[in-house]
Amino acid sequence: MSEVAYTAGFYRELTPAMLELAALGKSTLTTQATTPLAMCELGCGRGVSTNVLAAANPHSQFYATDFNPAHIVEARALANAAGSKNVHFFDSSFAEFLDEPSLPQFDIIALHGILSWINEANRRTIVAFIAKHLKPGGLAYVSYNSMPGWSSAAPLRRLMMEFGSLHADSAFTRLGKSLDMLSKLKEANARYFAASPGVAERLEKFKTQNKNYLVHEFMNEDWHPFYHKDVAREFSEAKLNFLCSAHLLDHVDALNMTEAQRNFLNEIEDIALRETTRDYIVNQQFRRDIFIKGAVPLGLFPARERWQEARFALSINRADAPTKVTGGLGEAAMQQEVYGPFLDALASGPKTLRAMQAVPGIAELGWARIIQALLVLVGSGHVQPCLDEKNDGKRRESTRRFNRAVMENARHSADIQALASPVTGGGIGVDRFEQLFLLARLNKQADVPAFVWQILSMLGQRLLREGVAIETPEQNLEELRTRHATFLEKRLPVFEQLGLT
């Protein structure tokens, strides 16, 4: 779907430190994210994730390709604006990229949202690419729509394509006409909607979702939800073995399955079949798999040493930390006596696990509960794994340039909603107004809300309150002052600890 640009998202699972932590959770030897790495993203879209990672990891090299040349023009422009010298973008097809002579051997090869939207020939090429270019011990991250979670909604997507194919208009027009027809079908009481729980709700949600996303997700010629076992079989041809999920909450079985379900699953010896069966238990719709080319277990003491040296940081305001987490079984309470000490310890700044173990209430939990608590906190997004403290300053120079470029872009666009952190080596979600508040501070503006309103008013834009546009300039400025006060209290202290300021 090269006629429509994809969304400009940052995908946290691609972060080398996140992938390293996931592997550490399985006590498996991997190259540490603090050392110089070579990483490749296949199907990088507009290149936001790769650009963020390049800025936050200047000690490593990043390569990425996307078949849509407009995506690559945009990705290169952002890299140039940020002065990033360690990122290389190509507009090659997968087949062309397979034999690209300038490529090194990679420690990480990542595909986010690609596998389910390409044909079999491209999938074979990707497997060949990984076989040729991934180092022994390297990680391959691949996400895809999965079965059986998509079994009820797949017919909905098929009709969207069929209705769209009746028109020779733009992709957006075809999308709109398809959704109109599906709404009429639902209003005509088609029994499919009654027999397929959640489909009617999904159709209603389409009306408010990003149209670029919907076109790429549902109007693409190729669309294939997979069973995990089939994906594992294909990737085994590149000498890859399944390691674990990149979604760390998947590592905590108690959040996702009952005791009876866990006991049943443990009876299945074949790993690929066990993972596929687990997808039936939780009705998985989207998988984030990490495969490894040669798995070497870490011994008990080396694994423990890596955990203790691992550094973590809060990415939320301590006072706003949720008291519940959502897994496959629904919401679960986060016990204050378990999670509170970690949040309290990190409220004053990033710390290693070794340092946190000196905090009252943490060491007493015991090793297994400490690791599970960290997996839950990182998996839920409250806490981020970090790179080494001694090189924060070196990384700060490249992230400052990149973040300045993104904040300048926020003057006219809300597309990019992430900044690069020299502390975590990844991206942190920062919305457009927060970026403009930071830009005003960077430019030493005395009246930050007035600076932001001047930008918006020049573009004829107004703020929304509960979905309704605010009318007068005075009311817009008042709303900005309210939001800025909240920003100063809750968000700025977090951003400062993460090196975004």
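This is a predicted model: local features need pLDDT of at least 70, side-chain atom pairs count only at pLDDT 80 or more; totals for chains, interfaces and linings use all residues.
A salt bridge here is a side-chain nitrogen of Lys or Arg within 4 Å of a carboxyl oxygen of Asp or Glu. I start my notes with that because R465 and E479 meet that way, at 3.0 Å from N to O.

**Salt bridges**

I looked up where the two partners sit. R465 is in strand 15 (residues 464-465) and E479 is in helix 22 (residues 473-497), 14 residues apart. Is E479 buried or exposed? I find E479 at 13% relative accessibility, so E479 counts as buried. R465, at 41%, is partly exposed.

The total I get for the structure is 30 salt bridges. I picked out a few more of them.

D99 and K132 meet through their side chains, 3.0 Å from N to O. D99 is in the loop between helix 4 (94-98) and strand 4 (106-111), while K132 belongs to helix 5 (residues 120-133), so this pair ties together parts 33 residues apart in sequence. D99 has 51% relative accessibility and counts as exposed, because the cut-off for that is over 50%. K132 comes out partly exposed at 41%.

R354 and E309 form another salt bridge, at 2.7 Å from N to O. R354 sits in helix 17 (residues 353-356) and E309 in helix 15 (residues 300-309), so parts 45 residues apart in sequence are tied together. Both ends are partly exposed: R354 has a relative accessible area of 37%, and E309 has 44%.

I also noted a network of salt bridges that links E275, D279, R287 and D289.

**Aromatic rings**

How many aromatic pairs does the structure hold? I get 12. W150 and W223 make an edge-to-face pair, with 5.1 Å between centres and 85° between planes. W150 is in the loop between strand 5 and helix 6 (154-164), and W223 is in the loop between helix 10 (211-218) and helix 11; they are 73 residues apart. W150 is buried at 4% relative accessibility, and W223 is buried at 9%.

Y227 and Y280 are a stacked pair instead, with centres 6.4 Å apart and planes at 15°. Y227 lies in the loop between helix 10 and helix 11, Y280 in helix 14 (residues 271-282), and 53 residues separate them. I have Y227 as partly exposed at 31% and Y280 as partly exposed at 48%.

Going back to W150, I checked its ring face and found R202 lying over it, 4.4 Å from the ring centre. R304 lies over the face of W367, at 4.1 Å from the ring centre. I also logged a cluster in which ring pairs link Y63, F90, F97, F106 and F129.

I traced an open sheet of 7 strands with mixed pairing, in the order 3-2-1-4-5-7-6. Which strands stand at its edges? Strand 3 (87-90) and strand 6 (241-245) do; each has a single partner strand, so one side of each lacks a neighbour in the sheet. On average, neighbouring strands are turned by 20° against each other, direction ignored.

Strand 6 runs antiparallel to strand 7 (residues 286-292), and 4 bridges join them. In one of these, N241 has I292 as its bridge partner.

Then I looked at what packs on the sheet. Helix 2 (residues 48-56) touches strand 1 (38-42), strand 2 (61-65) and strand 3, and its direction makes about 165° with that of strand 3. Helix 11 (residues 228-236) touches strand 5 (134-145), strand 6 and strand 7, at about 30° to the direction of strand 7.

How values were computed
Residues are numbered from 1 along each chain as its sequence is written. Side-chain values use heavy atoms; hydrogens and water are left out. Two strands pair if DSSP finds at least two bridges between them. Helices (H or I, at least four residues) and strands (E, at least two) are DSSP runs, numbered from the N terminus. Axes are lines fitted to C-alpha atoms, for helices over the stretch in contact, and angles run from 0 to 180 degrees between N-to-C directions. Contact means heavy atoms within 4.5 Å. Rings of Phe, Tyr and Trp (its six-membered ring) pair if their centres lie within 6.5 Å; planes under 30 degrees apart count as stacked, over 60 as edge-to-face and the rest as tilted. Buried means under 20% relative accessible area, exposed over 50%, partly exposed in between (1.4 Å probe, protein chains only). A charge sits over a ring if NZ of Lys or CZ of Arg is within 6 Å of the ring centre and within 35 degrees of the ring normal.
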